[in-house]
Amino acid sequence: MRIKTYFPIFDWGRRYNRQTFTSDLIAAVIVTIMLIPQSLAYALLAGLPPEVGLYASVLPLIAYAVFGTSTALAVGPVAVVSLMTAATVGRIAAEGTADYSSAAILLAMLSGLILAIMGLFRLGFIANFLSHPVISGFITASGIIIATSQLGGLLGIPTNGHAMPELVMSTFEHLGQINFDTVAVGAVALALLLWIRLDLKNWLKRFGLPKGVANIIVRAGPVFVVFLTIAWSDLFDLGAKGVALVGQVPQGLPMLSLPSFSLDTIQALALPALIISIVGFVESISVAQTLAAKRRERIDPNQELIGLGASNIAAAIGGGYPVTGGFARSVVNFDAGAATPAAGAFTAIGIAAATLLLTPFLAILPKATLAATIVVAVLTLVDFGILKRAWTYSRTDFAAVATTLVGTLLLGVEVGISLGVGASILVFLYRSSQPHAAIVGRVPGTEHYRNVKRHKVDTLPDALSIRVDESLYFANARFLEDLIYELVAANPAVKSVVLLCSAVNAIDMSALESLEAINARLKDLGVRLHLSEVKGPVMDKLEGTDFLAHLTGQVFLSHHAAMLFLAKVGNEPRDDENRSSDATDLPVAAILNGKS
């Protein structure tokens, strides 16, 4: 069982048959066709030679097939991670140099090691510090930056920068150098790719083509655009007219090797590698879980960390750069019928074959075609609707989204995602430090207790029932003290305070000290403190302290029992030999009407 846990291939491999092989092979052919132009384009986005994108689409897919748990996730280069790679490596090496490529390979290795270690130590929960709104804001901003960064490639002008101010200024500075042949190639490629994505399927259906055939043609559309612009470049000698071409691409696969490194380079790349790892994992696990739910399959997040870690280590050994699961490719893989992770291994074989056979043709491919490919691919990343949805639902979530989006646009991806993490933690701390609390009373005719401000309820005039809807810890301990003191001061008739703990999952040491202080201060005021509906794990912790021995009131199994007890005995001294009570023999009629 342990071998199957860490090597899922031994689980699904036992059930592999001809039917799953056929399904995986068909899916692999479709994904391979889609992945070839994307891999080339994303490598350029990362500031690397285009063939590196192909290298990053071979061994990582095989590694994921061995260690991954998703039957549909397609691993490889993706837009956001490519942008983050360019921003990270660009700080320590000049683009186009051997040091730049070496740093990108080392970044993949570090990212892989971080992911694998997180998986082995079951640290997948760390990704929870990136909330969905923050991730949406970050990806939207990244999509805008990526699209803007490709304007230079579409216009035939040099641009630089990894944030909007630098990119916009760089673009305007070089507008006088626009190459109109490049503009023509970019415009045609962009128009064709948009038409293929948005309308080609409907156009094919009108001609009566089966849905499956139409889907394959649509997926192959970007490859057709690549070959069309290669032919255009060859017939009209676009390179002589100043159109930037991919240039000579090494034929064949790279030699397997470990990346070279220095301690200084590792120190410079360690934190960015951690950020890239977490962002890549969040994107990947979201896609994997969404697709798995449609088939009622289970995804193991910690094993996914190991699978992605192995993929990135494989990318480094194979001369690639950081990879993760891509949304568009995974959906295509899923829709094409991929039945097991073996579909990824078959895709790797297809990419390897393309690397061996197609590279001679890529030398005269206009870079404007790849720029257009990137722009169309990132359109799905941009979601301005998240701002409206966040504003409508929660102002604090909107603040986190806006902070992340604006920070990423203005300051770059690393600062932006760091602001997002900080915003997520601040929002959590703010909400949990100001937890919702309510005075509750009994809904007439029932044993249910609800907020007196929302329901018509019965309460006791000398008892105050308070429900705190949050675990108690250092950040909200003082809030609870102030709340209880304020409510008791405003109700002089109160002789008992009952803290309803049904929503309290934990009490840390700071909160315990606050409860002790509350108990002592209420005792001085002649008010008894009771607890009700304390959860087992919380009660276990309290029983390991002397808090219960000094508690002036009792601990009740249910809040209704507490109210029945107080209605009968009021503020009489307790029996110290019996701290808890069910009070099941007390009459419901003893509960008095009124509002607290």
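Author: Let us begin with residue classes: Ala, Val, Leu, Ile, Met, Phe, Trp, Tyr, Cys and Pro count as nonpolar, Asp, Glu, Lys and Arg as charged, and the others, Gly among them, as polar. This is a predicted model, in which local features need pLDDT of at least 70 and side-chain atom pairs count only at pLDDT 80 or more, while totals for chains, interfaces and linings use all residues. Residues are numbered from 1 along each chain as its sequence is written, and side-chain values use heavy atoms, with hydrogens and water left out.

Rolling a probe the size of a water molecule over the atoms shows where empty space is left. A cavity here is a set of points, on a 1 Å grid over the protein atoms alone, where a 1.4 Å probe fits but cannot get out; lining residues have an atom within 4 Å of a point. Grid points are joined across faces, edges and corners, and the volume is the space filled by probe spheres set on the points.

By this rule there are four cavities of 30 Å³ or more. The largest cavity holds about 100 Å³ of space. It is lined by 14 residues, and L61, L73, A74, V75 and G344 are the closest to its centre. Helix 5 (59–67) and helix 17 (342–357) each give at least two residues to this lining; helices are DSSP runs (H or I, at least four residues), numbered from the N terminus. By class, the lining of the largest cavity has nine nonpolar residues, five polar and no charged.

Now for the second largest cavity, with a volume of about 50 Å³. Its lining includes V81, S111, L115, N312 and T324. Helix 7, helix 14 (263–294) and helix 15 (301–317) are the elements that supply two or more residues to this lining. Helix 14 makes the largest contribution, with four residues. Seven residues of the lining of the second largest cavity are nonpolar, five are polar and none is charged.

F125 counts as partly exposed because its relative accessibility is 48%, where buried means under 20% relative accessible area, exposed over 50% and partly exposed in between (1.4 Å probe, protein chains only).

Technical notes. On a 1 Å grid over the protein atoms alone, a cavity is a set of points where a 1.4 Å probe fits but cannot get out, and a pocket is an open set with protein on both sides within 12 Å along at least five of seven lines; lining residues have an atom within 4 Å of a point.
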